[in-house]
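I opened this entry to record how the secondary-structure elements are arranged, and I note the cut-offs as I go.

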Amino acid sequence: MTEAGPLADLDRALAATEAVVAGILPAQWSAPTPCTELDAREVVNHLVSGNLLFAALVRGEPLPDRGADHLDGDPLAAFRRAAGELRKAFAEPGVLESLYTAPFGSGPGAALLHVRIVELLVHGWDLARATGQQADFPADVAERTLAATRQQLTSRPQGPGAPFAAEVPVADDASAVDRLAGFLGRPV
């Protein structure tokens, strides 16, 4: 796969999730989400924090405080800013092939990029569900992401502290993003 492929997938995942963030009404920021430990505002902060973290990892900069509030009173602007930083960092020559050490282990930039796409799609899905939005996640990106995630998580840890809940059955004809969410333990 060329650099244009995964970067285009990142762009489309960022755009789809940004559209959901833009659609969150003021009264919905405290809405519970399928990511049960986080409300809508906390999910957006988690995405912003993750985007800033991965941009810093790739650039070799100090990592942001994951526990801090990175939304500065304007969640959509913060999401856009962090998305731009993430996109610029991954667009640098050689990033996808270079090796990095992340909080969950070491791997090439392409693997880190995949993690961000998974996070964007699944947490974007969480936000859409929490706020009653009909989100338009790119089916082809979600399908590729689901296939790669299935390959990577053939044996995943279970129980307390595991990064993902057990897979939830989802109809074969469900959307790709619904099947991705179900694979990662979201009730669809």
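I took two strands as paired where DSSP finds at least two bridges between them, and I took helices (H or I, at least four residues) and strands (E, at least two) as DSSP runs numbered from the N terminus. The model is predicted, so local features need pLDDT of at least 70 and side-chain atom pairs count only at pLDDT 80 or more, while totals for chains, interfaces and linings use all residues. Residues are numbered from 1 along each chain as its sequence is written, and side-chain values use heavy atoms, with hydrogens and water left out.

**Strands.** I looked up strand 1 (residues 99-102) and strand 2 (residues 105-108), which pair in the antiparallel sense over four bridges and form a hairpin with two residues between them. Within this pairing, Thr-101 stands opposite Ser-106 of strand 2.

**Helices 2 and 3.** For axes I used lines fitted to C-alpha atoms, for helices over the stretch in contact, with angles from 0 to 180 degrees between N-to-C directions. The axes of helix 2 (residues 40-59) and helix 3 (residues 75-91) come within 8 Å and cross at roughly 25 degrees. The two helices are therefore roughly parallel to each other, given that angles under 35 degrees count as roughly parallel, over 145 as roughly antiparallel, 65 to 115 as roughly perpendicular and the rest as oblique.

**Helices 4 and 5.** I found helix 4 (residues 109-131) packed against helix 5 (residues 139-152) at an angle of about 120 degrees, with their axes 10 Å apart, and this pair is therefore oblique.
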